[in-house]
Amino acid sequence: MPLARPETSDARVIAHVDMDCFYVQVEQRKQPELRGLPTAVVQYNEWQGGGLIAVSYEARKCGVKRSMRGDEAKAACPEIQLVQVPVARGKADLNLYRSAGSEVVSILAQSGKCERASIDEVYLDLTDAAESMLADAPPESLELMDEEVLKSHILGLSRKDGDDFEESVRDWICRKDADRRDKLLSCGIILVAELRKQVLKETEFTCSAGIAHNKMLAKLASGMNKPAQQTVVPYAAVQELLSSLPIKKMKQLGGKLGTSLQTDLGVDTVGDLLQFSETKLQEHYGINTGTWLWNIARGISGEEVQGRLLPKSHGSGKTFPGPRALKSLSNVQHWLNQLSEELSERLSSDLEQNKRIASTLTLHASAFRSRDSDSHKKFPSKSCPLRYGVTKIQEDAFNLFQAALREYMGPFGSKPQGNKQETWRITGLSVSASKIVDIPSGTSSIMRYFQSQSTVPSRSADGCVQDHVVTPSASEGCSEQISTETQAVIPEEDTGVTYTFPNFETPDKDVDLVSEKDVVSCPSSEATDVPTQLESNRTSQTKRTGRKINNPKEKNRGMPSIVDIFKNYNASPPTKQETQEDSTVSPSTSKRANFSNSSHSSEVTQESEERRQQIDWGYKIDEIDQSVLNELPVEIQRELRRFLHPNKRLNTNSKSKGDGSTSSIAHYFPPLNR
Ligand code: TTP
């Protein structure tokens with residue numbers, strides 16, 4: 001069946017850039033003596049020499065694979081160099097790799113719209129740059145062509161025996177009679193080769209790239225000739241590329257949908273899809289999915305490159321395979337605390353560096369039950385509104401876990417099966433933060449407002465001024481190791497590898513973790529933590545300002561944040577009555593929860609409400625300059641305005657009773673540490 005002509009996307013120039021054996025390259029840059037040697041990066045783990053997570057191309061030639069343990073790799077390649085992943089909190093610490101990935105992004109982002117797809121993958125929309133080149137200096141006008149350009153693989157390029165490879169490529173790139181789409185691709189080839197050289201020069205990392213008219217094809221092409229090469233998909237080569245491509249290799253078809261296509265429709269390759277009409281596919285999979293399948297069979301994808309240099313979510317996870325599976329609540333809590341701490345650090349860093357806040361916390365786990373008749377039952381993922389502060393995240397994560405566990409165990413959790421109580425084992429845990437949004441621009445001035453009210457800045461042990469305000473300069477000055485961005489947890493891209501558990505010591509790739517999750521409410525807690533800073537998202541800043549913090553206390557405490565400001569305002573300690581309330585009420589009805597959900601208490605009087613505002617926030621909320629409010633996120637504005645209109649407070653309180661109050665200022669900036 002002939003391909004339908006794509007209508008809009010075929011004149012675009014999209015590149016997918018993928019670093020080669022990325023963690024290995026990062027380690028080799030750190031230890032240059034490893035360059036050129038068979039090398040692998042090993043996951044922290046004592047069992048059989050640990051699991052390999054990245055393998056150099058020299059080691060691959062000796063038969064070493066990522067699926068091997070360290071001991072197996074040594075047996076296959078005795079001279080292999082095994083490098084351990086850095087460890088923090090008893091788990092892999094990927095900061096080094098994240099930061100290295102950000103260096104690459106900062107270079108690529110200068111060329112056009114850039115989307116960071118994972119820790120080591122980037123999409124670029126080079127259409128504008130290619131059009132400019134075509135107008136100003138088209139390929140055929142170039143006297144010299146770089147070797148990197150001439151090494152490009154052009155799919156479908158037919159060469160006669162004896163033809164010089166590089167000459168064929170040059171001829172194809174310089175064809176005067178080519179149509180506009182191919183001419184733009186030719187410009188893309190030159191641009192990408194230049195970018196890859198620049199990445200190598202500035203970071204010492206090699207990468208591979210795919211160049212095509214859309215993201216889907218560019219991604220498919222980038223992995224076809226690795227390492228350090230680029231592959232081009234002219235429109236005329238699309239059909240051949242897809243015809244033999246196994247259906248499960250397509251992005252988003254690696255899972256259930258791909259399996260259904262295989263078993264229900266007998267589709268093994270993308271090309272096999274061409275025999276089905278759009279209507280037929282829609283009958284099977286619904287209107288949208290049916291149309292999407294019909295399109296991808298023809299290489300059509302309208303998915304745009306998002307201008308996004310930062311991850312969509314943050315997460316931290318760990319696997320507990322085999323005998324290391326967790327079997328007690330206290331063990332689970334211990335690990336959730338570690339993971340939450342790491343997550344909290346990244347959230348704080350994102351807030352300080354990028355002025356972004358996340359609003360959903362999600363817990364994922366993988367588990368099995370003893371004497372399980374239903375061994376495929378999935379451990380449910382649970383989400384709740386995210387509250388900033390490590391103790392809160394820890395507490396909420398544990399509550400989410402317990403809610404999920406109750407659901408997972410069902411009635412058997414409490415009833416003995418025969419003589420024995422049914423037990424569970426946890427083989428993977430992860431916490432993630434998603435729904436990340438920018439704090440509206442201009443918000444910094446509310447920070448200045450708070451700053452202007454603050455006391456004299458304190459000086460930390462290493463001499464960094466803690467000026468109690470979240471500004472880039474403040475955070476730059478004292479950052480431990482400014483890296484880039486964040487971790488994203490989970491693979492957004494289907495790299496062909498099965499990630500059974502997102503971000504459990506697997507590559508750090510972005511993904512929207514919060515889908516198909518149950519939402520449960522989380523009790524609030526009293527404790528407040530100062531966000532810490534480990535990362536920033538500007539590599540250039542690393543070079544400029546990457547100072548080390550030697551004082552461990554300072555390291556833990558992190559950078560000054562808005563929370564400090566609120567701490568400084570704590571003029572009034574809790575009254576005895578309040579302290580009693582704290583110890584007797586359940587967390588969900590505790591005082592801080594009362595602040596954020598004060599509307600939920602019909603017994604609260606206006607006077608006591610005002611008194612509590614002063615106690616919790618340490619200053620009179622009525623004195624806030626209203627114009628400053630306009631700079632806050634809308635939901636926070638709404639909440640504060642309720643308090644700024646005393647006459648309406650009681651009414652508003654009762655009115656908002658049922659709104660769930662998931663986005664309150666107390667969630668973003670928890671008030672005081674009791
Ligand atoms: P990949 O891009 O999948 O692989 P790679 O860069 O090592 O090698 P290639 O040249 O074939 O692209 O993953 C990027 C990094 O993510 C990888 O270097 C290590 C890490 N990773 C894991 O930690 N666990 C995994 O299961 C995978 C697939 C990757």
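This is a predicted model: local features need pLDDT of at least 70, side-chain atom pairs count only at pLDDT 80 or more; totals for chains, interfaces and linings use all residues.
**Cysteines**
- Search the whole structure and you'll find zero disulfides.
- Cys77 is in no disulfide, and the nearest cysteine sulfur, which belongs to Cys62, sits 3.4 Å away. A pair has to be within 2.5 Å to count.
- Cys21 is buried too, at 12% relative accessibility.

**Helix H5**
- Helix H5 covers residues 127-136, and its buried residues are Thr127, Ala130, Met133 and Leu134.
- Those buried residues fall within an arc of 130 degrees when you look down the axis of H5, so they line one face of the helix.
- On the face turned away from that buried side, you'll see the exposed residues Asp128, Ala135 and Asp136.
- Strand S8 (121-125) and helix H8 (180-203) are among the parts covering the buried residues of H5.

**Salt bridges**
- The count comes to 28 salt bridges.
- Lys215 pairs up with Glu303, with their closest N and O atoms 3.0 Å apart. Lys215 lies in helix H9 and Glu303 in the loop between helix H13 and strand S12, so this pair ties together parts 88 residues apart in sequence.
- Lys215 is buried at 2% relative accessibility, whereas Glu303 is partly exposed at 39%.
- Both also belong to a salt-bridge network with Glu115, Lys251 and Arg308.
- Arg346 and Glu342 form another salt bridge, at 2.8 Å between the closest N and O atoms. Both lie in helix H14, four residues apart, or about one turn.

Notes:
Residues are numbered from 1 along each chain as its sequence is written. Side-chain values use heavy atoms; hydrogens and water are left out. Buried means under 20% relative accessible area, exposed over 50%, partly exposed in between (1.4 Å probe, protein chains only). Helices (H or I, at least four residues) and strands (E, at least two) are DSSP runs, numbered from the N terminus. The arc is that of the directions from the helix axis to the C-beta atoms. Contact means heavy atoms within 4.5 Å. A salt bridge is a side-chain nitrogen of Lys or Arg within 4 Å of a carboxyl oxygen of Asp or Glu.
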